[in-house]
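Good morning, and thank you for coming.

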Amino acid sequence: MRKVTIIGSGNIGLALAKGLVKSDEYQANNITLTRRVLQSLQEEKELGFDVSANNQEAIQGAEVIVLAILPQQIRKVMEEIRPALSPHQIVVSVASGVSCAHIKEVLGLDTIVVRAMPNTAIAIGQSMTCIATDNANTEEVAVVERLFETVGSVVVINEDLMTSATALCACGIAFFLRSIRAASQGGVEIGFHAHDALKMAIQTAKGAADLLLQTNNHPESEIDKVTSPKGCTIAGLNEMEHNGFSSAFIKGIKFSAKQAGGLYND
Ligand SMILES: NC(=O)C1=CN([C@@H]2O[C@H](COP(=O)(O)OP(=O)(O)OC[C@H]3O[C@@H](n4cnc5c(N)ncnc54)[C@H](OP(=O)(O)O)[C@@H]3O)[C@@H](O)[C@H]2O)C=CC1
Ligand SMILES: O=C(O)[C@@H]1CCC=N1
């Protein structure tokens, strides 16, 4: 079985590890997890993951090394692992705003580097992951594609769109979650208990997403089927638009994309 090392087992690193095991394509004992505060990985150790605070030892024998470290911490980690890297290992960075060129500048120009931008739904095999590279060959990209396809959908994009992918997909999951919370808060105001309102909002959002996935229809064509003439749906939608709903969403995504590009401090 292929060995994967995840350096930086925080929110996204652990979500990836859990998703890989849940997919049944990987076993916990083929995944090494690192972080400095090793006590925080006690539960994962009990689940069978190999855990370590030594990044150099942890990457030995790994086919793929995932850097799931904050952009502000990644240079130090790369300097640390550089002497222990082997030529055929694929380095996958999920750090936002850190380019392939930045990574090769520290790890060496011959290092095989692929950037990946997953989201936290990776823990349940439902990530939307964008990947990009400027030097990996087709086979190496295919290895990374297969890894992330076991935990969701994958799109290969040009590297110059990675910060946009960060905003739309990685941050995006938070935007949709906030919209579900807002819907449930509205539900409470119109008469439901919080628990029921949240359940209704979640299933309605899931139905909307599945409708688009399964029919390939444009959202507006599905909206047209809901909006009866002179009805309450168009009244609600237009009230939301008068208050800037689409505009706020678009502005938020643009602002996140701008921020995502500036997180790496040389
Ligand atoms: N959260 C998300 O949804 C997504 C995040 N990303 C990107 O993933 C990266 C990580 O983000 P996120 O998971 O949210 O951040 P977290 O802070 O949750 O995780 C970072 C982890 O790195 C560990 N770490 C720090 N220094 C070292 C080191 N020297 N050696 C080993 N481990 C170390 C930290 O643990 P300790 O302090 O114990 O060392 C921490 O657990 C970021 O670059 C972010 O841009 C990308 C897509 C989605
Ligand atoms: O908020 C962040 O900076 C990270 C990157 C994408 C999702 N979380």
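Predicted model: local features only at pLDDT ≥ 70, side-chain atom pairs only at ≥ 80, totals over all residues.

By class, how many residues in the shell around ligand 2 are nonpolar, polar and charged? The shell has two nonpolar, two polar and no charged residues. Here Ala, Val, Leu, Ile, Met, Phe, Trp, Tyr, Cys and Pro count as nonpolar, Asp, Glu, Lys and Arg as charged, and the others, Gly among them, as polar. The residues in question are S96, T166, A170 and C171; a residue belongs to such a shell if its C-beta atom, placed from the backbone, lies within 6 Å of the molecule.

Residues are numbered from 1 along each chain as its sequence is written, while chains are lettered from A and ligands numbered from 1 in the order in which they are written.

Let us turn to ligand 1. There are 27 residues around it, of which G8, G10, R36, V37 and A95 come nearest. By class, this shell divides into 13 nonpolar, twelve polar and two charged residues. Helix α1, residues 11–22, supplies the largest share, three residues.

Now the chain as a whole. Its secondary structure comes to twelve helices and eight strands; these are DSSP runs, numbered from the N terminus, with helices being H or I of at least four residues and strands E of at least two. Of the 266 residues, 33% are buried. A residue is buried if 20 or more other C-beta atoms lie within 10 Å of its own, exposed if 12 or fewer, and partly exposed in between, with C-beta atoms placed from the backbone.

The domain assignment gives domain 1 (4–159) and domain 2 (172–260), with bounds that come from an automatic or database assignment. Their centres, taken over C-alpha atoms, are separated by 33 Å.

Finally, two local examples. Why does helix α11, residues 232–242, lie largely in the open? Of its eleven residues, the number buried is zero, so the helix lies largely in the open. After α11 comes G244, whose phi is positive, near 90 degrees.

The other example is L70, in the loop between β4 (64–67) and α4 (74–81). L70 counts as partly exposed because it has 14 C-beta neighbours inside 10 Å. Its C-alpha atom is separated by 39 Å from that of E222, 152 residues apart along the chain.
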